[in-house]
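Thanks for coming. Please take a look at the next slide, and then I will walk through a few parts of it.

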Amino acid sequence: MIEIGVDIGGTFTDVVCREPGKPLRVMKVATTRQDPSRAVLAAIERLREEWSVKASDVARFVHGTTVATNAVLERKGPKTGLLTTAGFKDILEIGRQMRQTMYAAVLEPEEPVFLAPGALRKEVVERIGPEGQVVIALDEDSVRKAAAELVQAGAQGIAICFLFSFANPAHEQRAAQIIRETYPELALSLSCEVDPAFREYERTVVTTFDAYIKPVIGSYLANLENGLVEAGIPCPLQIMQSRGGIAASTIARQRPVRLFLSGPAAGVVGAQIVGQASGISDLISVDIGGTSSDIALIRDAKPLIRPEGLVSGYNIRVPMVDVNAIGSGGGSIAWLDPVGGLRVGPHSAGSEPGPACYGRGGEEPTVTDASVVLGYLDPDYFAGGTLKLQPELAFEAVKRKIAEPLGMSVEEAALGIHRVVNAQMTEGIRLVSIRQGYDPRQFALLPLGGAGGIHASALAGELGITQILVPRHPGVLSATGLLSAMIEHEASAAFQQDLAKLSLPALRETLAELDRRCSELMALEKVASDSVETRYFADVCYIGQSHYLEVPFTVGDDTARQLHEGFKAAHHRVFGHSTDAPTCIVNLRAIHRAGGSKIIDKADAPNTGGDGLKGHRRVIFAGHPETVDAAIYDRAQLAPGTTFDGPAILEQADTTTLVEPGWHVTVLDGGNILLGRD
């Protein structure tokens, strides 16, 4: 049985092929920005040509996509309409009246008004009360009139968000039925399906985002599915979701808002499994790619999940793996601000044209160019030798754009670029650890992505971290994480009750409905019901508090106590204090999971008996006035039990790992590597 995982990044598209009894095969191809599916299909052709992989033997094809995120970042979504209860069409623009920039000379909108500008927001005569009672019956003619005006204005999708629809969805459902009768091609998103929970602004935002990206995701996945069929791959396409579980693409396209951070979530799943295999349950994963760094925290072998994510500066109420994404990666461009300060990112050279050293026309110095100048990368073995780097172009770009204007040597400028980008990543790590009540010194750092290994030693040194766990295939860990993730479906509902007066019959009734909805989705995945793992969560807050925290629980006589104590512990960890004040439930959530694997690479680690030493190279480290002689190792030849001290460089097809002086290396059983220092 052949399994293929594909993760699309800003610079490279990573492909892994797993087959029982054979080593994991990995491949990197340049990402095709205009149509990411082209790179995926090109990789499939290379699998056939280079590895003789028969399409008919592929039993699983799992994909992590950035299309949803990019559609928002680049404003590539189509015109989208919004239908609201009469009198509430401006909720998207009013928001919570909370501004991040209070003192800017020119104030810009901080709400996602671009999703549905004023002309594309229409009101419908209807009203549901807070208890679900019908206050004003749905005026069906007003629905038809509003839909016709939106279609005439060019809307390709419509979000429907009526007041209190989470308590009674009848009006939203009937409005959707009316629109589909006349405009069956329109993409519709109903708040009662996307986010059936209270807080009107947040519900409106997430529903409108869903409608905004639905045509884009639908088109992309349809093209990819058709391409896989034409390539002869018989298995259904599966997609990674933002919470860390996978779903069939036919289901994922129905709720595309759950695909934000799809790729980064796969990397966290991979890091979690590598940590478990190595006996390390507390990890901070740093996924450094070409355009960004995605940082996440894993505690007690479980990734942290947050109830809402941040995409392009907008809070979107969708449960996501708690990933902090910053615009710092291998392709990030170094530049000087108007006063001569050195900056790195967030703009990136990407894969087209790429860093200057790629020789594809890029003229701006990047972090990768700085790594070449410092001697960290072998120009003849970048991406496994598939791309020959040109060091002279890297040297010239750093010299012309950074070194000469600052009056320093090219090597000093390259070190400066690394210092700046490492400082940015270090701050990102502090945000997911210290800011949430965790001491990073109590965690091991796990680098992944094409550039993760280059920066790991410096980041750990800055944070006081004494262990670095390097996966066997760190450069493609997101793609391998896809193959190990569980099928997962989630359903939620508003459920507002004081914990002191919790009604267990009402709780069980609501959970039964959530279980029914999840079971229907699992049935579409053809998953046997007896193999499904069910977990329940509640959003809990102090009575009168405006924000809540997610707390896991089991159903029983002590449910109220579980939730109260669990909330107090979470509140103390996040905010540094808690009290015995009365608490209440806001929402309920059911998670159904099945399948998955705790194995990244099923083949044994190499046992060649050799030391893997390839030679030596002079490199430049911060804090060392002269170049340092570093041993160069072929990572694939390092057998379990091998130990040595830095400075060293570990080279492999998918990445390079830098071991700074003071660190010692131990190759673990299974091929993962542990870097440690006193």
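In strand β32 (residues 648-651), Ala648 and Leu650 point one way while Ile649 and Glu651 point the other way, and all are buried. Buried here means under 20% relative accessible area, exposed means over 50%, and partly exposed is in between, with a 1.4 Å probe and protein chains only. Helices (H or I, at least four residues) and strands (E, at least two) are DSSP runs, numbered from the N terminus.

Before going on, a word on the source: this is a predicted model, where local features need pLDDT of at least 70 and side-chain atom pairs count only at pLDDT 80 or more, while totals for chains, interfaces and linings use all residues. Residues are numbered from 1 along each chain as its sequence is written, and side-chain values use heavy atoms, with hydrogens and water left out.

Now the neighbours of β32. Two strands count as paired if DSSP finds at least two bridges between them. β30 and β32 run parallel, joined by four bridges, and Ala648 in β32 is the bridge partner of Ala631. β32 and β33 run antiparallel, also with four bridges, and Leu650 stands opposite Thr657 in β33. These two strands, β32 and β33, form a hairpin with four residues between them.

What is the strand order in the open sheet of four strands? The order is β29-β30-β32-β33, and the pairing is mixed. At the edges are β29 (613-619) and β33 (656-659), each of which pairs on one side only. On average, neighbouring strands in this sheet are turned by 25 degrees against each other, direction ignored; the axes are lines fitted to C-alpha atoms, for helices over the stretch in contact, and angles run from 0 to 180 degrees between N-to-C directions. β29 pairs with strand β30 (residues 628-634) in the antiparallel sense over six bridges, and Gly615 stands opposite Ile632 in β30.

Next, strand β2, residues 12-18. Seven of its seven residues are buried, so β2 is largely enclosed by the rest of the structure. Phe12, Asp14, Val16 and Arg18 point one way from β2, and Thr13, Val15 and Cys17 point the other way. Strand β1 (residues 2-8) runs antiparallel to β2 and is joined to it by six bridges; Glu3 stands opposite Arg18. Strand β3 (residues 25-30) is also antiparallel to β2, with six bridges, and there Val16 stands opposite Val26. The hairpin of β2 and β3 has six residues between the strands, and in it Gly21 takes a positive phi near 80 degrees.

Last, a helix. α15 (residues 504-524) has 21 residues and reaches 30 Å from its first C-alpha to its last, close to the 30 Å expected at 1.5 Å a residue; the expected span is 1.5 Å times one less than the number of residues. Which residues of α15 are buried? They are Leu504, Leu507, Thr510, Leu511, Leu514, Asp515, Cys518, Leu521 and Met522. Seen down the axis of α15, the buried residues fall within an arc of 140 degrees, so they line one face of the helix. That arc is taken from the directions from the helix axis to the C-beta atoms. On the other side of α15, Pro505, Glu509, Ala523 and Leu524 are exposed. After α15 comes Lys526, whose phi is positive, near 60 degrees.
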